[in-house]
Amino acid sequence: MERGILTYCSTISPSQCDGNGHLNVQHFAAIFDSAVGVFYARCGMSWRWMGARSLGTVAAHQATTFLGELCSGDAVECRTRLNRVGKTSLTFEHILVDAETQRVAARLEAVSVLFGLETRTKVPIPDDIRARLLRICEYEPDSESMKVVEP
């Protein structure tokens, strides 16, 4: 059974599909981008929290693996799993599934680095946020209801 924080739910619309009739790659990216904001908020470092401290994040690495099609009308869920907490970075994985079948459609592995908006350099993750992140690594909310089936 996969673990993860629920970070996105929606239904695929016809305007998100390409000539092949499936979800276009640009919309996978948009879903994952939306999910990261919810993920950060659940971790205690919302965009508002970061902005008030002149902090931001940068995507240092992203790799998407596409595992199955999604089509117009498909309900989808994205769950995000925190895999590692570094001094200045987080390593996490978004898992996009068909909500009806729980079939995995795509996975995105990412490394995000915390940085100062004014200095434009990486900064250490604050101790209180680090403690919260480490607790999330040990036990992620919503994990007991998560069952993902690979295609």
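Visitor: Which strands each supply at least two residues of the lining of the largest cavity?

Guide: Rolling a probe the size of a water molecule over the atoms shows where empty space is left. On a 1 Å grid over the protein atoms alone, a cavity is a set of points where a 1.4 Å probe fits but cannot get out, and lining residues have an atom within 4 Å of a point. Here, strand S4 (89–98) and strand S5 (104–116) each supply at least two residues of that lining, and S5 gives the most, with 3 residues. Strands (E, at least two residues) and helices (H or I, at least four) are DSSP runs, numbered from the N terminus. This is a predicted model, in which local features need pLDDT of at least 70 and side-chain atom pairs count only at pLDDT 80 or more, while totals for chains, interfaces and linings use all residues. Residues are numbered from 1 along each chain as its sequence is written, and side-chain values use heavy atoms, with hydrogens and water left out.

Visitor: How many cavities of 30 Å³ or more does a search of the whole structure find?

Guide: The search finds 1. The space in the largest cavity is about 40 Å³, where grid points are joined across faces, edges and corners and the volume is the space filled by probe spheres set on the points.

Visitor: How do the lining residues divide into nonpolar, polar and charged?

Guide: Ala, Val, Leu, Ile, Met, Phe, Trp, Tyr, Cys and Pro count as nonpolar, Asp, Glu, Lys and Arg as charged, and the others, Gly among them, as polar. The lining has 6 nonpolar residues, 4 polar and no charged. Among them are Tyr40, Met45, Ser89 and Ile125.

Visitor: How many aromatic pairs does the structure hold?

Guide: Rings of Phe, Tyr and Trp (its six-membered ring) pair if their centres lie within 6.5 Å; planes under 30 degrees apart count as stacked, over 60 as edge-to-face and the rest as tilted. The structure holds 5 such pairs. One of them is tilted, because the rings of Phe39 and Phe92 have planes at 45 degrees, with centres 5.0 Å apart. Phe39 lies in helix H1 (residues 25–42) and Phe92 in strand S4, 53 residues apart.

Visitor: Why is the pair of Tyr40 and Trp47 edge-to-face?

Guide: The planes of Tyr40 and Trp47 stand at 85 degrees, so the pair is edge-to-face; the ring centres are 5.3 Å apart. Tyr40 is buried (under 20% relative accessible area, with a 1.4 Å probe and protein chains only), at 1%. Phe39, Tyr40, Trp47 and Phe92 form one aromatic cluster.

Technical notes. On a 1 Å grid over the protein atoms alone, a cavity is a set of points where a 1.4 Å probe fits but cannot get out, and a pocket is an open set with protein on both sides within 12 Å along at least five of seven lines; lining residues have an atom within 4 Å of a point. Buried means under 20% relative accessible area, exposed over 50%, partly exposed in between (1.4 Å probe, protein chains only).
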